[in-house]
Amino acid sequence: MDVLNFALAWIASSQSLLQRELAAYVHAVDAGERSLAAVIGVGLLLGAVHALTPGHGKAVVFSYFVGREARPWSGIVMAGKIALAHGVAAVLLVATFGTAVSTFGRPAGAALNI
């Protein structure tokens with residue numbers, strides 16, 4: 001169980017570090033010091049680490065593929081669909097509620113580091 005605790009602690013600390021880095025990169029892009037490509041890269045890395053956190057349907061998808069004859073390509077396609085749906089949902093939530101959060105004066109997520 002020590003390995004699991006270590007892995008979860010590493011994931012949590014990595015996610016926290018990447019969130020701070022992403023916030024700093026966004027501010028640097030706004031100031032003209034970084035490129036948008038750098039922000040996208042850090043964002044994709046953050047998304048990959050975030051996907052390792054508990055939840056996100058990994059057990060459901062794993063059990064789906066265990067119960068049938070599936071090829072690796074099917075798993076890659078499914079992972080892509082899940083990542084796309086998760087990313088679109090996150091963007092829509094931020095677009096919908098992000099303005100309300102800042103309007104009410106309560107920053108959340110990367111906005112806490114501003």
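Tutor: Before we start, a contact here means heavy atoms within 4.5 Å. This is a predicted model, where local features need pLDDT of at least 70, side-chain atom pairs count only at pLDDT 80 or more, and totals for chains, interfaces and linings use all residues. Residues are numbered from 1 along each chain as its sequence is written, and side-chain values use heavy atoms, with hydrogens and water left out.

Student: Okay, what share of the contacts with a separation of 6 or more comes from residues 24 or more positions apart?

Tutor: Take the contacts in the protein with a separation of 6 or more. Residues 24 or more positions apart account for a share of 49%.

Student: And in what order do the elements run from the N terminus?

Tutor: Helices (H or I, at least four residues) and strands (E, at least two) are DSSP runs, numbered from the N terminus. The protein has four helices and zero strands. From the N terminus on, that reads α-α-α-α.

Student: How are α1 and α2 oriented, roughly parallel or roughly antiparallel?

Tutor: Helix α1 covers residues 2–30, and its axis lies 9 Å from that of α2, at an angle of about 160°. The axes are lines fitted to C-alpha atoms over the stretch in contact, with angles from 0 to 180 degrees between N-to-C directions. Angles under 35 degrees count as roughly parallel, over 145 as roughly antiparallel, 65 to 115 as roughly perpendicular and the rest as oblique. So α1 and α2 are roughly antiparallel.

Student: Last one: how are the rings of Y64 and F65 arranged?

Tutor: Rings of Phe, Tyr and Trp (its six-membered ring) pair if their centres lie within 6.5 Å; planes under 30 degrees apart are stacked, over 60 edge-to-face and the rest tilted. Y64 is partly exposed at 38% relative accessibility, whereas F65 is buried at 19%. Their ring centres are 5.1 Å apart and the planes stand at 80°, so the pair is edge-to-face.

Notes
Buried means under 20% relative accessible area, exposed over 50%, partly exposed in between (1.4 Å probe, protein chains only).
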